[in-house]
Amino acid sequence: MQNEKTKTSLYLLLVLVMASWGLNVTATKVLVAHFPPITMTSFRIFTAAVAVFIFLVAIGKFRLPTQRELGYIFAGSLFNIVLHHYFLASGLTMTTGTNGGLILGIGPILTAILAVIFLREAISIPQLIGLVSGLLGVSLIVLTGGQGLSGASLGDIYVFIAILSQCFSFIIIKRISGSLDPRLMTAYMLLIGSILLFFTSLIEEPNGLAQMSGHSSSLWLLFLASALLATAFGNLIYNFAVGQIGPSKTAIFMNLNPFFSLIGAALFLNEQISFMQILGFLLIIIGVVLGSGALSELIRARKRIRNPEKIMDE
């Protein structure tokens, strides 16, 4: 019973994380229009790392990693932070928003495939239906967003590398979660990843540091909100969920990103939401409920309410 309550809480937190990530797309569009992208990203991730370390010290979960754990942390930093952010930022400048959104939308399916290969996870029929439903929903939202589907480009390859590297990092997190708390791993990943990205920015954006100064306080508040809510809180909860309920079930919630991105664009960028995009969101909801196992949890909860004695005997 306690385990079911924990899972339900995680599901709700994951929805909040997806909301923060989706709205962060709008925030990032504003930030990269004023800051050098890679330099700003390295500072944003470093700020998030500091916040997560403070949180872990406060709850008594901070410790130094072992040599074995350090190898997993470095690998996670490389795939989850450096490769993902570098190729995503580069790829989106060379492809359409439609192509990029569709490629990012295959993240849950890629994660499920990797989980089967490396973790020997089994995919149930409801989960498979949920994955397909979520992908269809993402496709409807992205394809009706006003941009046409273009041919494959180098940017598409970059975006695919970005989402593949992120999905692979979830497998790494799950593999070490038995001995290393995913929240602590998140803090180290953010710290190491931000440092590696910063040195990358010195090469890619030699004047990046100079361009970080002279901005308004409102822009810096947006920067802090992005760093603390989306990057620190988002990665902390998401990676913890990967360790608790597995990569494939957690990844299905990523399908909610396009919806919350759409909401953010409508609220702050005055973009219109079409009927087909609403239909896409409904398909995503179906996909999340089936693919995450939430439906099974609800059925078990109803059985427990109707016949508590039988559940206790089981």
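Which helix gives the largest share of the nonpolar patch? Hello everyone, let's start there. The largest share, 4 residues, comes from helix α8, residues 182-204. Helices here are DSSP runs of H or I with at least four residues, numbered from the N terminus.

A quick word on the model. It is a predicted one, where local features need pLDDT of at least 70 and side-chain atom pairs count only at pLDDT 80 or more, while totals for chains, interfaces and linings use all residues. Residues are numbered from 1 along each chain as its sequence is written, and side-chain values use heavy atoms, with hydrogens and water left out.

Back to the patch. Phe43, Ile195, Phe199, Leu202, Ile203 and Leu209 make a nonpolar surface patch of about 580 Å². Patch residues have over 30% relative accessible area and no salt bridge, and nonpolar side chains (Val, Leu, Ile, Met, Phe, Trp, Tyr) are joined within 5 Å. A salt bridge would be a side-chain nitrogen of Lys or Arg within 4 Å of a carboxyl oxygen of Asp or Glu. Areas come from the Shrake-Rupley method with a 1.4 Å probe, and for residues only the protein chains shown count as cover.

Phenylalanine 43 lies in helix α2, residues 37-58. Its relative accessible area is 33%, so phenylalanine 43 is partly exposed; buried means under 20%, exposed over 50%, and partly exposed in between.

Now let's go inside. In soluble globular proteins, nonpolar side chains tend to be buried together. Here, the largest nonpolar core has 64 residues, and Met18, Val52 and Leu190 are among those with the most contacts inside it. Such a core is a set of buried Ala, Val, Leu, Ile, Met, Phe, Trp, Tyr and Cys residues joined through side-chain atoms within 4.5 Å. Another core, of 6 residues including Leu31 and Phe223, lies apart from it.

Which residues does asparagine 24 contact, leaving aside neighbours within four places in sequence? They are Arg44, Ser226 and Ala230, where contact means heavy atoms within 4.5 Å. Asparagine 24 is found in helix α1, residues 2-32, and is buried because its relative accessible area is 12%. Its side chain makes a polar contact with the side chain of serine 226, at 2.6 Å. A polar contact is a pair of N or O atoms within 3.5 Å; within protein, one must be able to donate a hydrogen and the other to accept it, and residues adjacent in sequence count only if both atoms are side-chain atoms.

Definitions and conventions: Patches are made of residues with over 30% relative accessible area and no salt bridge: like charges are joined within 9 Å, nonpolar side chains (Val, Leu, Ile, Met, Phe, Trp, Tyr) within 5 Å. Helices (H or I, at least four residues) and strands (E, at least two) are DSSP runs, numbered from the N terminus. Buried means under 20% relative accessible area, exposed over 50%, partly exposed in between (1.4 Å probe, protein chains only).
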